[in-house]
Amino acid sequence: STQSSWQGFFEMLLVLHVIHAPHLLLIAIIATVLIAAPSLAWSATTFAILAVAYSPTFIGAPGSTGLRTWTAFQLWATRVVEDAARRWHGECRVVRDGSWRKSNREERRYIFGYHPHGMYPAAACWFHLTPQFASLFPSVPPPVTLGASVIFRVPILRDVAMWAGARNVSRNVFLKSLREQGAVVLCPGGQAELVEHVGGDGDDVVTLCTRHRGFIRIAIEENAHLVPVFVFGESQATRNIIKWKAAQRWTYKRLGFPMPFLPGGFKGFLPIPAPLPLSFVVGEPIKVPKPGPGGTALEEDVLRTCDEYYQRIRDLFERYKVSSGFPHLRLVLKDD
């Protein structure tokens, strides 16, 4: 019916803005205060009141503990996000590659490596909440998404991430989440890949930064299976409008976050992504070697497993790029 069509349309717009543009609400609040306040003193007082009112959301270090995970929000995402993504992108599919042995949820631990990082890997927070994922991987416990610490410092953005169950990607949180939940999702390339990312219609190269091996070391020491995931469509749908790699590399090395940073997607400048098809290709779990004496991973095992892992990523890329709608893409692995 017409009513249900309009309802679906507005639900799609809500989902897109919640996932991709929560920071706009923060900008709107700041702008409203600055415009409406009769003086700078009023603005400063208003911001101080808002800061005090917001400060309890930091109690209990929720970005590290998952204290603010909101089950109702996750259930809402499970119900609407996949359909909204399909409406906007035209296609939203989760593909299971290789064989997955059935097992009890308590029997295995999984580390999902999500590639590429691109401009803004928002789907790392929700692809595992989709009904498709649940039906394809019934024995996998609900993964915890691990993200960069900067996410948990920005109001509104941090709230949405924490409601979805995301946590900081520090080593201690990584270990705690893996042991408690049994599965985590992270972007191994990190913000170094954000610097390399171009995106947009003219980009035909996907660059993965392979120098981070901490997740492989943890997989060996925690006897967790590594699961390579390659995503087609997400990084191509958003670009950094400001292309100044020298400054972005400099700020990343010294500040921990690349700047300047201005995402543009739909129509080339809007914050929501361009409507390109999405494919989440989930590879077969990689069994890692046992740890060495004292329970620590041997360096040669880490290097060998890293090579195998990225070869699997390359295989997934080459095998599925045509069926995913991106036959022109090339993959570059960068180790510096």
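Me: Which residue does cysteine 92 stand opposite in strand 10?

Reply: In this predicted model, cysteine 92 stands opposite leucine 278 of strand 10, and arginine 93 stands opposite serine 279 in that strand.

Me: What makes strand 1 and strand 10 a pair?

Reply: Two strands count as paired if at least two bridges are found between them; strand 1 and strand 10 (residues 278–282) are joined over five bridges, in the parallel sense, and therefore the term applies to them.

Me: Why are strand 1 and strand 4 said to stand at the edges?

Reply: The seven strands form an open sheet in the order 1-10-7-2-5-3-4, with mixed pairing. Strand 1 and strand 4 (167–168) each have a single partner strand, so one side of each is left without a neighbour in the sheet.

Me: Why is glutamate 11 called partly exposed, and what is arginine 79 called?

Reply: Buried means under 20% relative accessible area and exposed means over 50%, with partly exposed in between. Glutamate 11 has 23%, and is therefore partly exposed, whereas arginine 79 has 58%, and is therefore exposed.

Me: What makes aspartate 159 and arginine 68 a salt bridge, and is aspartate 159 buried or exposed?

Reply: The closest N and O atoms of aspartate 159 and arginine 68 are 2.6 Å apart, and the limit is 4 Å, so the two residues qualify. This pair also links distant parts of the chain, because aspartate 159 lies in helix 7 (residues 157–163) and arginine 68 in the loop between helix 4 (62–65) and helix 5, 91 residues apart. Aspartate 159 has a relative accessible area of 5%, which is under 20%, and so this residue is buried.

Me: What separates glutamate 82 and arginine 86 in helix 5?

Reply: They are four residues apart in that helix, which means a separation of about one helical turn. In an α-helix there are 3.6 residues a turn, so residues three or four places apart point the same way. Glutamate 82 and arginine 86 form a salt bridge, with the closest N and O atoms 2.8 Å apart. Glutamate 82 is buried, at 9% relative accessible area, while arginine 86 is partly exposed, at 34%.

Me: How many salt bridges does a search of the whole structure find, and which residues are linked in a network?

Reply: The search finds 18 salt bridges, and Arg109, Arg179 and Glu222 are linked in a network of them.

Me: Which residues have the most contacts inside the largest nonpolar core?

Reply: That core has 36 residues, and those with the most contacts inside it are Ile111, Phe174, Phe215, Leu226, Phe230 and Phe232. Among the elements that give two or more residues to this core are helix 8 (171–181), helix 10 (214–221), strand 7 (225–232) and helix 12 (299–320); the largest share, eight residues, comes from helix 12.

Me: What is phenylalanine 230 in contact with, leaving aside its neighbours within four places in sequence?

Reply: Contact requires heavy atoms within 4.5 Å, and the partners of phenylalanine 230 include His115, Val206, Leu208, Phe280, Ile313 and Phe317.

Me: Which residues of helix 10 are buried, and what do they pack against?

Reply: Phe215, Ile216, Ile218, Ala219 and Ile220 are buried in helix 10, and the buried residues of this helix pack against strand 2 (110–115), helix 8, strand 5, strand 7 and helix 12.

Conventions:
Residues numbered from 1 in each chain as written. Predicted model: local features only at pLDDT ≥ 70, side-chain atom pairs only at ≥ 80, totals over all residues. Heavy atoms only, no water. Core = buried A, V, L, I, M, F, W, Y, C linked by side-chain atoms within 4.5 Å. Buried < 20%, exposed > 50% of the residue type's maximum accessible area, 1.4 Å probe, protein only. Salt bridge = Lys/Arg side-chain N within 4 Å of Asp/Glu carboxyl O.
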